[in-house]
Amino acid sequence: MNDLDQLVSAALAEFTAAPTPAELENAKARFMGKSGRVTELLKGLAALSHDEKKTRGAEINQTKQRIEAALAARRQAMAAEQLEAQLRAEALDVSLPGRQRGVGGLHPVSRTIERIESIFGSMGFDVAEGPEIETDWMSFTALNNPENHPARSMQDTFYVDMKDEQGQWLNLRPHTSPMQVRYARAHAARYASELATGQPMPEIRVIAPGRTYRVDSDATHSPMFHQCEGLWIGENVSFKDLKVVFTDFCRKFFESDELQLRFRPSFFPFTEPSAEIDIAFASGPLKGQWLEVAGSGQVHPNVVRNYGLDPERHIGFAFGMGPDRLTMLRYGVNDLRLFFDGDLRFLQQFR
Ligand code: DAH
């Protein structure tokens with residue numbers, strides 16, 4: 001191997017050993033730079049004779065070309081390696097499962113409310129919604145709770161430190177019962193001319209589900225909870241009808257014809273007589289246990305008057321039940337707070 005061959009293999013070795021493009025350029029400079037080894041050889045030609053210059057010059061040029069070719073090859077290899085590494089780093093793993101779109105579902109309490117609406121709907125009941133911020137008159141006075149009467153404290157009401165345009169104190173409704181009054185008054189206004197001339201008025205048959213609020217919080221009480229009011233007013237609607245309708249509803253809701261109901265005497269200012277409604281399952285873990293599901297009663301004459309109707313002519317019953325409680329019983333959940341924590345691990349079970 002002559003000195004030029006050695007030079008080529010030295011260059012090849014250095015190029016191959018250069019770990020980065022910058023070091024490769026440094027290596028190049030050591031051979032082709034201003035005082036690089038090839039450049040020095042070319043400078044050396046000056047001292048040679050004309051003929052020697054010709055042959056030696058050609059040899060050196062060839063050497064230079066071989067080194068340049070080696071450099072180009074190494075540069076290309078390096079670029080390819082770099083691209084390869086980059087591709088590896090940015091690799092798209094097509095075997096990874098795609099990001100799933102979450103499938104939403106109805107909240108279990110919303111399911112219950114839909115169920116209540118559809119069962120009562122099949123019995124000819126309308127569905128009404130009303131405001132959650134109520135007036136003192138609607139929440140209490142119209143429902144036969146005299147002002148300052150201790151019965152008002154049956155409900156631990158959230159009062160709003162504000163009055164409406166009529167100067168009425170406001171509260172977060174502690175029950176859906178104000179909807180009896182709102183709906184019945186609108187109904188009475190719609191049939192004002194029939195009422196004025198003593199003609200029959202279509203019956204009032206409505207349920208009013210919605211959010212209600214009380215200062216109360218434990219495993220079975222939440223400061224925000226749901227109620228569903230029911231009202232049936234006609235000329236001949238009695239407690240017997242309440243029993244038939246509510247029994248039918250409960251048996252449909254729990255899909256059991258063996259479900260037992262008990263109407264236990266109770267007190268509510270807006271009904272007389274009043275009853276608490278208990279149910280007992282014929283099977284399952286709660287079999288035979290009486291469970292309270294609603295308050296009810298024959299609407300008090302004072303309340304009928306506040307509907308804008310004549311209690312001598314328009315009579316009927318009302319009830320108020322807790323869709324949260326019904327949901328707990330239907331699905332066997334024993335902590336009400338789970339419904340309102342918003343934990344998807346819990347809620348997804350009802351999808
Ligand atoms: N509003 C009552 C409560 O929240 C429930 C209730 C009882 C509603 C009797 C009624 C009824 O309509 O007749 O405790």
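This is a short walk through one protein model, going from its domains to its helix packing and then to some backbone details.

Okay, so keep in mind that the model is predicted. The chain splits into domain 1, residues 3-89, and domain 2, residues 108-350. Their C-alpha centres sit 94 Å apart.

Let's start with helix packing. In general, you describe a packed pair by the angle between the two axes and the distance between them. Take α1, residues 3-17, and α4, residues 50-89: the angle is about 15 degrees and the axes are 10 Å apart. An angle under 35 degrees counts as roughly parallel, so that's what we call α1 and α4. As for handedness, α1 passes α4 in a right-handed crossing. On the α1 side the contact includes Leu-4, Leu-7, Val-8, Ala-11, Leu-12 and Phe-15, and on the α4 side you'll find, among others, Ile-60, Ile-67, Ala-70 and Leu-71. Sort that contact by class and you get 10 nonpolar, two polar and six charged residues. The charged ones include Asp-3 and Asp-5 from α1, plus Arg-56 and Glu-59 from α4.

Next pair: α2, residues 21-32, and α3, residues 37-44. Here the axes come within 3 Å and cross at roughly 10 degrees, which makes α2 roughly parallel to α3 too. Who touches whom? Arg-30, Phe-31 and Met-32 from α2 meet Arg-37, Val-38 and Thr-39 from α3. By class that's three nonpolar, one polar and two charged.

Now over to α11, residues 323-331. Which of its residues are buried? Pro-323, Asp-324, Leu-326, Thr-327, Met-328 and Leu-329.

Most residues other than glycine have a negative phi, and most peptide bonds are trans. So here are some departures to click on. Asn-144 has a positive phi near 70 degrees, and it's in the loop between α6 and β3. Glu-255 is positive as well, about 50 degrees, in the loop between α9 and β7. Buried or exposed, these two? Asn-144 has 19% relative accessibility, so it counts as buried, while Glu-255, at 62%, counts as exposed.

Last one: the peptide bond joining Glu-272 and Pro-273 is cis, with omega about -5 degrees.

Note on methods. Residues are numbered from 1 along each chain as its sequence is written. This is a predicted model: local features need pLDDT of at least 70, side-chain atom pairs count only at pLDDT 80 or more; totals for chains, interfaces and linings use all residues. Side-chain values use heavy atoms; hydrogens and water are left out. Axes are lines fitted to C-alpha atoms, for helices over the stretch in contact, and angles run from 0 to 180 degrees between N-to-C directions. Helices (H or I, at least four residues) and strands (E, at least two) are DSSP runs, numbered from the N terminus. Angles under 35 degrees count as roughly parallel, over 145 as roughly antiparallel, 65 to 115 as roughly perpendicular and the rest as oblique. A crossing is left-handed if the near helix is turned anticlockwise from the far one by less than a right angle, and right-handed if clockwise. Contact means heavy atoms within 4.5 Å. Domain bounds come from an automatic or database domain assignment. Buried means under 20% relative accessible area, exposed over 50%, partly exposed in between (1.4 Å probe, protein chains only).
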